[in-house]
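I opened the notebook to record what I looked up, one topic at a time. The entries follow the order in which I checked things.

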Amino acid sequence: MAIQVRIPTILRTYTDGDRVVEGSGSTVTELIDQLEADHTGIKERLVENGEARRFVNIYVNDEDIRFTGNLGTPVADGDTVVILPAVAGGSGV
Amino acid sequence: MRFDSLIDSVGGTPLVGLPILSPSPDVRLWAKLEDHNPTGSIKDRAALAMILRAEKEGLLRPGSTILEPTSGNTGISLAMVARQRGYRIVCVMPENTSIERTQLLTMWGAQIISSPAAGGSNEAVRRAKEIAAEHPDWVMLYQYGNPANADAHYEGTGPEILADLPEVTHFVAGLGTTGTLMGAGRFFREHKPSVRIVAAEPRYGELVYGLRNLDEGFVPELYDASLIDSRFSVGPRDAVRRVRQLVESEGIFAGVSTGAILHAALAQAKKCLDAGESADIVFVVCDGGWKYLSTGAYEGTLDEAEDKLDGQLWA
């Protein structure tokens, strides 16, 4: 069983249009390095100076990695990773 | 309880225990019923605080026009206060919000300018900023960056919870303008720093994110990540599942965004249970379910509800 990674529309140019790709690794950093090997160019869109880019949110099993160790957050087979652009909204604003 | 006028009755909402949904006698859930505010949502607090601050600073004068990007609740709250105090109000609202919200805004006296569905609230914010530039005499209170929004929760929501439940261990709220979490978060950091602040962020369908550029996303000016301890992203399926569970088991009929917040609160409760910790977890009921009946969230199967919510700004 691999790690499922959900790709936002804007980044599907790197994944031949695939919404979900599979990856592996024991941390988010390793997972992104593995994604880069399969989908060249995607890492630069996600990572800047060793952290997730400001307007990129990455979630491991629905939890934002900025509060769980950032790119060092552990991942394991069977986990779901979601990548999303930051948007306004919530609580019926 | 007696008040001189409706706006004097904002805040002071009940905190109720959830004996059935609480996972154990040592891990307890509590709901802060913000639907008990005058227009039925937590946004009455921010709207009143922003208007009072703008009056104090001389930005608002009788006859002024208020402009605000809003998916509904803030606009309804602002309109309620504005009308009583003699202001005109214009709301910029994404067209993919529920029909009830449009009807209510109109009823309370707001004029509505629609912004395109694609892009959601980001687009409403962008459009409102354009309109503000065209009408320099209009006053944009701008809930995403107005400190009075967070201050309403620093002065109201946070202290009310601590007074009612001194043993509180976690505070869970939705992440939109971030005002609730920032204000209550700052209050707890100062007055009971052991309280963990948990954010529930709604995760929408593809249409809302669209082709949003990753280099030009949106983070509200109020947002300070140091005031938050964990952040959950909750999709429509879990939000609907939880909002139904809340009414079925505890009798609380809440809006869909509250389902997302409950989902995060239950995830936090499970963490505490697994760690063998006792906890008193307070979560916010933002509003009642009435405004969202037409979204289909409360009827049919979960699959059907999820399909209907796809593309809507459900929180």
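**Entry: chain A, overall size.** I began by asking what radius of gyration chain A has beside that of a compact globule. With 93 residues, a compact globule would come out near 12 Å, and chain A has 13 Å, which agrees. I kept in mind that this is a predicted model. I also looked up the extent of the C-alpha trace of chain A, which spans about 40 × 30 × 25 Å along its principal axes.

Entry: I found 2 helices and 7 strands in chain A. Reading along the sequence, I wrote down the pattern β-β-α-α-β-β-β-β-β. Of the 93 residues in chain A, 38% are buried. I then took the contacts in chain A between residues at least 6 apart in sequence; 45% of these join residues at least 24 apart.

**Entry: chain B, domains.** Next I looked up how chain B is divided. Domain 1 takes in 6-36 + 157-303, and domain 2 takes in 43-140. I noted 24 Å between the C-alpha centres of domain 1 of chain B and domain 2 of chain B. Where the two meet, 15 residues of domain 1 of chain B are in contact with 18 residues of domain 2 of chain B.

**Entry: the cores.** Which residues touch the most other members of the largest nonpolar core? That core has 99 residues, and the answer is B:Phe171, B:Val172, B:Ile261, B:Ala265 and B:Phe283. Helix 9 of chain B gives the most to this core, with 9 residues. The core draws at least three residues from each of domain 1 and domain 2 of chain B. Apart from it I found another core, of 20 residues, among them A:Ile7, A:Leu35, A:Ile42 and A:Val75. As a general note, nonpolar side chains tend to be buried together in soluble globular proteins.

I then followed one residue. Leaving out residues up to four places away in sequence, B:Phe171 touches B:Ile161, B:Ala184, B:Phe188, B:Val195, B:Ile197, B:Val198 and B:Val282.

**Entry: helix 9 of chain B.** I checked the length of this helix, residues 256-274. At 1.5 Å a residue, its 19 residues should span 27 Å, and the end C-alpha atoms are 27 Å apart, which agrees. In helix 9 of chain B, 14 of the 19 residues are buried, so the helix is largely enclosed by the rest of the structure. After helix 9 of chain B comes B:Gly276, with a positive phi near 70°.

Notes:
Residues are numbered from 1 along each chain as its sequence is written. Chains are lettered from A and ligands numbered from 1 in the order in which they are written. This is a predicted model: local features need pLDDT of at least 70, side-chain atom pairs count only at pLDDT 80 or more; totals for chains, interfaces and linings use all residues. Helices (H or I, at least four residues) and strands (E, at least two) are DSSP runs, numbered from the N terminus. The expected span of a helix is 1.5 Å times one less than its number of residues. A residue is buried if 20 or more other C-beta atoms lie within 10 Å of its own, exposed if 12 or fewer, and partly exposed in between; C-beta atoms are placed from the backbone. A nonpolar core is a set of buried Ala, Val, Leu, Ile, Met, Phe, Trp, Tyr and Cys residues joined through C-beta atoms within 7 Å. Domain bounds come from an automatic or database domain assignment. Two residues are in contact if their C-beta atoms, placed from the backbone, lie within 7 Å. The radius of gyration is taken over C-alpha atoms; the globule rule is 2.2 Å times the number of residues to the power 0.38.
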